[in-house]
Amino acid sequence: MVASEIRALFAVASRPEVVSLAGGMPYVTALPLDVVGELVADLIAKRGPEALQYGSGQGDPALREQICEVMREEGIDAGANDVVVTVGSQQALDLITRIFVDPGDIVLAEGPSYVGALGTFSAYQAKVVHIAMDDQGLIPESLAQTIYALKSAGNRIKFLYTIPTFQNPAGVTLNEVRRRQVLEICQRAGILIVEDNPYGLLGFDGEPLRALRADDPDGVVYLGSFSKTLAPGFRVGWALAPHAVRDKLVLAMESAVLSHSTFTQLAVGQFLATQPWREQIKTFRELYRERRDALLSSLDVLMPPGCTWTRPAGGFFVWMTLPEGLDSKAMLPQAVDKRVAFVPGTGFFSDGGGERQMRLSYCYPKPDRIREGVRRLAGVIEEELRTREMFGTGRAPGHAGVDTPGPDLA
């Protein structure tokens, strides 16, 4: 496990004068906090002894039923007995990796991929092989070719890790045709899919997309979370897994924490039972759409020629590519000095890629702050272009390994 050298920079970037386009933090102020406070007080008053006691390693049965109702929004028909509640979906990812991966095993992942996943895979000594993406998500032909090459060389592939909807960090979404192709490829190859879907209900247009798990109950482990649709502070996520995997997840869960917080599970369950949670998600969607639009319109107007970026239809993130010769990680100290922050692209690759890329997050700053942040960032890039034109296009030293600034930016 390796600490990132850019953590110190982000300690500075957290100052109020810095516009942070880095952190993937939900805008929890949009919650009815007075209602949440009353709900928690009522929970303690009426169910305090139960809420403050040990609980089941699989999770509260009533909450697992409610989770099944949430997943039906994405076409998943599942039973509560196959749901394991976890401490956020990050713990579910850790437990899945612990169960399946031996040192040296292969994990397939999109390139770029979620920094928290790459850190987990690295900690369990897996070798991550990235699958190419474009604006429509993971490329099925690249997946099939990579699987064939790895198996022909005698490598052991344990699973494909994918965020198919509003991907972190790229913001792109796997289209319906490709979803079917990815399922077919992995079914033929006998490869498990780990579908991480924290942003699936945060689309800006139309109904939620059908989850991969909805069409392959036996070949997909689905990871979900209330961190983006309610609040990350509750730390409640889940895994929906085939029976045999579910049993191992419960054992691994009990080994890790004995039992997770009964209090937070009951609080989330109380919110789902008494509040219009679909309307709350709609509120979040509208808020994030406005901020997405502020970011994209500012990029269109202010960014110098040669910069390109994705145009997400939901979620939290835009993935930007810099002109040839620039290095996002090398630019970060200058950007922080100019009071704007982003996450360099190198943190989202395990193989040294991402030097010209950066992730921009629009979920937390207000629209006017986003526009100001883009103005500052455009100035940094223009200055870097002038410097490169004058002195050449030398690159910073090569990147190796996972380089993630921390959970508040994941």
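Trainee: What should I know about the model and its numbering before I start?

Mentor: The model is predicted, so local features need pLDDT of at least 70, side-chain atom pairs count only at pLDDT 80 or more, and totals for chains, interfaces and linings use all residues. Residues are numbered from 1 along each chain as its sequence is written, and side-chain values use heavy atoms, without hydrogens and water.

Trainee: How many helices and strands does the chain have?

Mentor: Helices (H or I, at least four residues) and strands (E, at least two) are DSSP runs, numbered from the N terminus. The chain has twelve helices and 14 strands. Its radius of gyration is 21 Å, close to the 22 Å from the globule rule for 410 residues, so the chain is as compact as a globular protein of that length. That radius is taken over C-alpha atoms, and the rule is 2.2 Å times the number of residues to the power 0.38.

Trainee: What share of the residues is buried?

Mentor: Buried means under 20% relative accessible area, with a 1.4 Å probe and protein chains only. In this chain, 58% of the 410 residues are buried.

Trainee: Is strand S6 largely enclosed or open?

Mentor: Six of the six residues of S6 (residues 157-162) are buried, so this strand is largely enclosed by the rest of the structure.

Trainee: Which strands pair with S6?

Mentor: Two strands pair if DSSP finds at least two bridges between them. Strand S3 (residues 106-111) runs parallel to S6, with four bridges; Ile 106 has Ile 157 as its bridge partner. Strand S7 (residues 192-196) also runs parallel to S6, joined by four bridges, and Leu 160 stands opposite Ile 193 in S7.

Technical notes: Buried means under 20% relative accessible area, exposed over 50%, partly exposed in between (1.4 Å probe, protein chains only).
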